[in-house]
Amino acid sequence: MSVLLIAEHNNQDLKPFTLNAVTAASQMGEDLHALIIGQNCGDATKKLSELPLVKKVIQVEAPHYENFVAENFAPVIVKLAKNYSHIVCSANTFGKNLMPRIAASLDTSQVSDIIKVISQDTFLRPIYAGNAFATVKSKDAKKCITIRPTSFDPCEGSGGSAPIEKAEAGEEFNHTKFIKREEIKSDRPELGTARVVVSGGRGMQSGDNFKLITSLADKLNAAIGASRAAVDAGYIGNDHQVGQTGKVVVPDLYIAVGISGAIQHLAGMKESKVIVAINKDGEAPIFSVADYGLEADLFDAVPQFLDELNKLNTIQK
Amino acid sequence: MKILVAVKRVIDYNVQIRVKEDNTGVVTDNVKMSTNPPDDNAIEEAVKIKEAGKATEVIAVSVGEEKAQETVRKALAVGADKGILIKTDGVLEPLAVSKLLQKIVEKEKPDLVFMGKQAIDDDCNQTGQMLSALLNWPQATFASKIEIKDKKLEVTREIDEGLETIEIDIPAIVTCDLRLNEPRYASLPNIMKAKKKPIQQINASDLGVDTSPRIEHIKVEEPPKRKAGIKVSSVAELVQKLKNEAKVI
């Protein structure tokens with residue numbers, strides 16, 4: 001049997017994490033097909049066909065697929081699913097919203113948010129916000145799997161030329177209407193994929209003081225993160241939140257400034273390659289995960305940090 | 001309008017999770033249990049809608065062991081009118097839970113079903129979407145704002161890119177984000193009153209649903225530990241280490 005990957009895209013381009021999902025899906029079976037559902041999504045379809053790991057692309061287009069409404073997507077995927085042993089998608093809000101609707105229709109018990117493919121039916125997944133890892137074996141004949149994109153490397157992006165097959169669209173679900181999407185635009189790297197993340201916590205004391213975080217992020221070409229405490233206190237928008245209830249990030253460098261390190265925050269960043277913590281409380285739990293801890297007042301340390309960075313000849317981008 | 005709210009009993013979010021020595025799961029004996037946090041938001045929203053005069057009845061339902069009655073009772077203490085406990089032995093998968101909830105929906109005929117977007121124990125994020133699929137109802141997941149407009153809901157959803165707004169027809173399922181509202185605490189008089197509110201107990205086995213597990217838990221382990229880091233004494237030392245030792249800047 002073959003593996004069907006559901007591509008995430010914006011009709012023009014593939015979302016970067018689709019490449020990570022392709023890597024994960026390819027580990028579940030070699031005959032990997034990629035499904036793209038959208039409207040006027042020819043450009044994104046072409047890019048999907050260029051991924052060398054993808055053996056065939058199935059494209060479904062209709063006006064009611066333009067905004068990725070799960071109630072429209074699920075029936076057409078369920079219909080196509082009969083030819084596949086595995087249905088796979090990223091565990092971001094697109095996949096989290098969609099996959100259970102497919103799984104329930106197929107009477108399959110979904111395996112969510114896996115971080116490792118152990119075999120075709122056995123997977124590793126974090127539970128309790130990453131405080132335990134479960135090895136689980138799916139006994140369903142057809143498997144519905146969502147994968148945590150940051151746990152898999154992106155696949156090769158070009159060089160392939162998979163055939164593109166068109167499939168028939170399904171009917172529109174009339175009880176759900178898309179109204180609008182407000183995307184947060186920024187010149188900065190996206191939080192979920194940035195090489196460096198600088199985050200501020202309640203220790204910042206005000207939204208105005210987040211300027212310190214911004215300056216440091218500018219210098220390092222970093223994305224800006226925040227703890228839930230900082231978001232709840234209104235210092236910064238919730239799209240910056242890192243943690244169990246926000247984004248899970250795995251940058252090369254994570255700098256936590258004035259963050260104590262609540263369990264729910266650690267769950268979102270502790271897989272980062274190098275972690276720096278700056279906090280005046282030497283007992284703060286954040287130091288237990290930090291590679292480099294600096295016990296200092298952030299209002300002294302961050303300006304000094306900028307000065308020291310200015311002394312360097314080069315800074316990696 | 002009638003609102004059914006599903007609530008789950010989980011290990012309290014402030015408890016440090018410990019893995020059992022035999023790797024069969026996590027320690028739950030003598031551990032503080034609470035309502036799954038976003039389920040508190042779901043109850044709060046339902047009660048607010050009732051207080052605004054737009055709903056007539058709020059029913060709290062939980063699927064779990066006998067002790068899950070406490071979770072239902074807590075929902076009654078913050079304003080739900082009646083409770084239902086579907087009794088099970090051990091933990092069920094979201095697919096089984098959604099099939100049991102489907103039976104309750106068929107019986108109680110609510111106009112809306114609310115629940116948290118995800119349970120903080122298994123982190124599956126499936127039950128609401130599965131229930132919508134089984135009922136073929138519209139779903140609004142990760143809701144951070146709900147407006148009732150006649151026979152429709154306008155829901156703002158938290159998505160990776162920012163915010164999305166959709167309009168769904170009633171009946172519908174909404175899964176709630178923590179940002180939806182600020183759950184209230186139960187007052188002592190309301191806790192006392194809640195003791196008199198009815199909780200109907202149903203055995204899961206009487207609902208005619210196959211709840212047998214489809215996923216085998218082979219083992220549960222501690223996550224790999226990070227190697228201990230060091231404390232640096234100055235910003236200059238920190239930058240030097242990042243540049244020359246970690247080579248990340």
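Two residues are in contact if their C-beta atoms, placed from the backbone, lie within 7 Å. The model is predicted, so that local features need pLDDT of at least 70 and side-chain atom pairs count only at pLDDT 80 or more, while totals for chains, interfaces and linings use all residues. Residues are numbered from 1 along each chain as its sequence is written, and chains are lettered from A and ligands numbered from 1 in the order in which they are written.

**Exercise 1. Describe the side of chain B that touches chain A**.

Step 1. The contact involves 59 residues of chain B and 68 residues of chain A.

Step 2. Helices (H or I, at least four residues) and strands (E, at least two) are DSSP runs, numbered from the N terminus. Elements of chain B that each supply at least two residues to this side include helix H3 (94-108), helix H4 (127-135), strand E9 (162-169) and strand E12 (215-221). E9(B) gives the most, with 8 residues.

Step 3. With Ala, Val, Leu, Ile, Met, Phe, Trp, Tyr, Cys and Pro counted as nonpolar, Asp, Glu, Lys and Arg as charged, and the others, Gly among them, as polar, the residues of this side of chain B divide into 29 nonpolar, 11 polar and 19 charged.

**Exercise 2. Determine how H4(A) and H4(B) cross**.

Step 1. Axes are lines fitted to C-alpha atoms, for helices over the stretch in contact, and angles run from 0 to 180 degrees between N-to-C directions. The axes of helix H4 (residues 93-105) of chain A and H4(B) come within 8 Å and cross at roughly 45°.

Step 2. Angles under 35 degrees count as roughly parallel, over 145 as roughly antiparallel, 65 to 115 as roughly perpendicular and the rest as oblique; H4(A) and H4(B) are therefore oblique to each other.

Step 3. The crossing of H4(A) and H4(B) is right-handed, the near helix being turned clockwise from the far one by less than a right angle. Among the residues making the contact are Asn97(A) and Arg101(A) of H4(A), and Gln129(B) and Met130(B) of H4(B).

**Exercise 3. Trace the sheet that contains strands of chain A and E12(B)**.

Step 1. Two strands pair if DSSP finds at least two bridges between them. The open sheet of 4 strands has the order E6(A)-E7(A)-E8(A)-E12(B), with antiparallel pairing.

Step 2. Strand E7 (residues 122-127) of chain A pairs with E8(A) over 6 bridges, and Ile127(A) stands opposite Ala132(A) in E8(A).

Step 3. Strand E8 (residues 132-138) of chain A pairs with E12(B) over 6 bridges, where Glu216(B) is the bridge partner of Lys137(A).

Step 4. Strand E6 (116-117) of chain A and E12 of chain B stand at the edges, each with a single partner strand, so one side of each is left without a neighbour in the sheet.
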